[in-house]
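Trainee: I have a structure to go through. Can we take it question by question?

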Amino acid sequence: MKRRLSLTEGTSDKFWYIDAEGDQITVSYGRRGTAGTTKTKSYPSAEKALEDAHKQVAAKVKKGYTDEAGADDAALTPVEPTAPKAAPAKKAAPAPAAAPAPVEPIEVSGDGDDLGLWVTPYEQAWDLSTPVSIELETDPFDAEAETERAARVAQHRVYDKNSYRPTHRWQFTEPLFTTHPSPERALFWQEFLDAADAELTAKSNSRRPQSILDPAWFPAAIEADATASAAELVKGSGRLRLLSLRPLWAHQAPEAMEAARAMLPAILPTPLVTQQSWGGWNLADQDDYFRAAALESHSDQIAAALREVPRGAFGTMYHSTIELCMLMPTAAERVAVAKHTGARLMRPDQVVPWLVSTGVAGFGLLIDSLDEQAKDVAEEMLVAAGYALTGPGAVALFADALTTKGAAAASAWLKEHPALLLGASLNSARAEAVAPFLRELAVEQLRAALDQTGGGVRGQVEAILAEADLPRLDDQTPWWAEAAARTEAPTRGTLPAYLSASALPPLLVGDAILAPEQVELLLAALASGDVDHPLVTAVREHADPTSRDRFAVALLNLWMANAAPSKNNWLMTGAGLLGGDRFVHALTPMVREWPGMSQHKRAVTGLDALRNVGTDTALQSISGIAAKVKFAALKKRANEAMSEIAESRGFTREQLEDRVVPDGGLDERGTRTFDYGSRQFLVNLTPEAKVIVRDLVEGRPTGKPKTTLPNVLKSDDAEAANAAREEFKILKKTLTGLAKTQSARFEKAMMSGRRWSFAEHQQFIARQPLLRGLLSALVWGIYDNDQQLLATVRFDEDGSPVDPDDEPVEISDDQQLGIVHPVDLAPEQISQWADVLADYELVAPFQQLDRPVYSLPADQGDEVNLLDIPQGEFPAGKLFGAFTKYGWQRGSALDNGVYVLHALQFESADLTAVIMYSGMWMGPMNEQEDQAIESVYLLDGIRDAQDLGYGDGWRDDNFVKVPWNRAPKALVNEVIATLQMIAG
């Protein structure tokens, strides 16, 4: 075997020659115009040598190498060969330790944004904005050579293994056709696939026949007769198969193309989507859409029809519609229509078409689609992407996929492509996600490649090289030696195979870092599950907090990148014992999303990990989950966790939440300064919960407020400025999350009539950096012990109470403060305070003065069921929208998955409101029947909606209804407001 390949791409101009002669392979490679490097390797047999030669050629072809025209085909001159590995002799004496073999440098790939799409013209045709053509094959067909090639390059892959009907798809390790195949070659491949299909079906035994999904372009390549007219070719159907015919139009006469277009209807079937009587959506016939697109006709009609598809309509359909979105004129429009309509990728064979038609713009939708599939399918979707993407620009996709169901496939691809990884252009977040794969490379390789890296990758490589020069912690360090002596060393199987100490960021202790064997001992301590383990406690006490936090995030990411096996969930909970705010920010969004991915148990374990962190930020995250998350079971567990923590500390739940509000990184005045060296900037949180940035000149904020720090200038201190930008990202994420949680908490306090003493208010609210700005636009009431409103105040920038005229107000020790509800204010008071807040340009974080006001029916009396409730039936979506807006909790699913009530807890009043209705089932809102409100009542005590059953109190001794006239007016107002929203 002999091949002469070359690659000319961007700044690359390289050659790669290979000869397989007998049991040896000789390879010569380098930059064209130079002598290059020659290597020879021996193999156990000629067959092994030839097999490996084919693999090497396939790998080069996949990277874009092609046969070099006019290359000298003289045999390469072998050099001293590398001998094959021999089996060790039995009972041989151990050989003396050999010097480590030199590490081969990594040839870093070029353009960091290049996707390197490795596709045939039939696949390139899926991008309707790209002209395509293909030559017709004229060489004689060699059946013997094609049989050998088919055995080598064609492979079928199994996915969705757990289904009743496992699915196979074809993958090719090199392009099958660079020209349109002759009838003989096409027939060969048709028979090859038919034989493979028959063999797989025979192996299925009593199960239904297994299916093989061809690549979407393949039938067009082997079935299309290039001598047929365009009209004949487009008579069939098959969506992407039709588009794959586009390269053949180069061989059609203009009049043949016009004849084919004349067969299309003048007006395509419209509308593309219609609504069914039961609320679902029906899709019109699509074949003419794809025929028109394949014939490059009716583009305006196609685009107009797709733009008219209602929001989310495609997302409700069981069959795929992503190919329709690909018919839009540009990549940006294809992605926009897919997002608007809710279209998703559902199968591996759709991945490459989507990437061809959208490029980088389509990455986000592909990532979102992965978690909506079974794990096997998600992984196979990324495998399909990995075959087609051969450039460093693809690294961003696989970095983002490390936290999805396809994480294992993403991790495998990143490990296999170090050259692409080093050449990628990544932001800091993605670079941090792939850092474990960079750490697996030899320091010598990283040092040699440093000048060829850029962006976030360069930052990570520089950090790894700097860490390599740090000293290791001395094993005899007293605190380490004492704790290590009480820790069992990890044994085989203690740590998962994917967990490598070298892949983790360093744990810094003073000027030293933990050595790999010390990290393994720490990991064994975490694996024990003992939250008070002496080694974990010691490391938490002595290691640098920032490095601990980075280490914890890396543990979490590594676990996620390897499919998050439940048997190793100690990696998440153990990381919580070491992590801080960065870890909390990384984990919290996952915990919120996991129940929607059928991962409730994992989400509950995530709550345990947040509890292990134990910081105020972590507790606030748990509180936020308890207050507002759409998954009832997770919300219930978070509430239980907060109550357990409060009880363990001797507080009520509300008192605990007051005491764990973090400062969010702000100073005592609620601001923070960021320094670029030559420039400074002041950051603060507005009452509307927005983080704003202003220039700081001579100690005074100036200029127009911005939402982010500016770019770094040449006059700035680059190191200080970049550090400031990274810190600002964390601060903004922290403040935004905390502001949402705190706004919801204080709105609930207004609704339930919670009160604080003046001392508590000054300590936990007025002087709290995060809250002083956020709550500055609220009006507070001063109440006596009988809950009578005495006066109203706001708190100025110093945290002092003032009246509407900005006069100081004295508050005695026996008086209480609460956020006043407008139901307790006269119209003139509301108007007066509204003018004051407008003068100061203060906007409340939630509706207060402009909140609608309602009261009990005049004849309510001592009735326990609310009178004058809305009559008639209302769309289920209106009920659900109102319940979501006002924070009501859904009851449990009962017979046939039907739930019949929502409840809202009022902690300060120690009451729970319940609204009962006809009954909805666990399904889409647009498929629910209209609902009638059946009853509305109050229960004594704080009751979980999930524990109320049918709401009739059967066998529930604590089921005690309370008359409405005993409830606070603010509480009554909120319940009636919910009903008014449903009825309105």
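Trainee: What volume does the largest cavity have?

Mentor: This is a predicted model: local features need pLDDT of at least 70, side-chain atom pairs count only at pLDDT 80 or more, and totals for chains, interfaces and linings use all residues. Residues are numbered from 1 along each chain as its sequence is written, and side-chain values use heavy atoms, without hydrogens and water. A cavity is a set of points, on a 1 Å grid over the protein atoms alone, where a 1.4 Å probe fits but cannot get out; grid points are joined across faces, edges and corners, and a volume is the space filled by probe spheres set on the points. For the largest cavity that volume is about 340 Å³.

Trainee: Which element gives the most to the lining of the largest cavity?

Mentor: Lining residues have an atom within 4 Å of a point. Helices (H or I, at least four residues) and strands (E, at least two) are DSSP runs, numbered from the N terminus. At least two lining residues each come from β7 (167–172), α13 (351–358) and α15 (375–388). With four residues, the top contributor is β7.

Trainee: How many residues of that lining are nonpolar?

Mentor: The lining of the largest cavity has 24 residues, with Glu-123, Gln-171, Pro-215, Trp-217 and Val-352 nearest its centre. Ala, Val, Leu, Ile, Met, Phe, Trp, Tyr, Cys and Pro count as nonpolar, Asp, Glu, Lys and Arg as charged, and the others, Gly among them, as polar. Five lining residues are charged and two polar; the nonpolar ones number 17.

Trainee: What is the bridge partner of Val-683 in β15?

Mentor: Strands β14 (residues 680–685) and β15 (residues 691–697) pair in the antiparallel sense over six bridges. Val-683 has as its partner in β15 Val-693.

Trainee: Is Pro-963 buried or exposed?

Mentor: Pro-963 sits in the loop between β27 (961–962) and α37 (969–983). Beyond its neighbours within four places in sequence, Pro-963 is in contact (heavy atoms within 4.5 Å) with Asp-862, Glu-863, Val-864 and Leu-938. Buried means under 20% relative accessible area, exposed over 50%, partly exposed in between (1.4 Å probe, protein chains only). Pro-963 has 8% relative accessibility, so it counts as buried.

Note on methods: Pairing = 2+ DSSP bridges. 1 Å grid on protein atoms, 1.4 Å probe; cavity = no way out; pocket = protein on both sides within 12 Å on 5 of 7 lines; lining within 4 Å.
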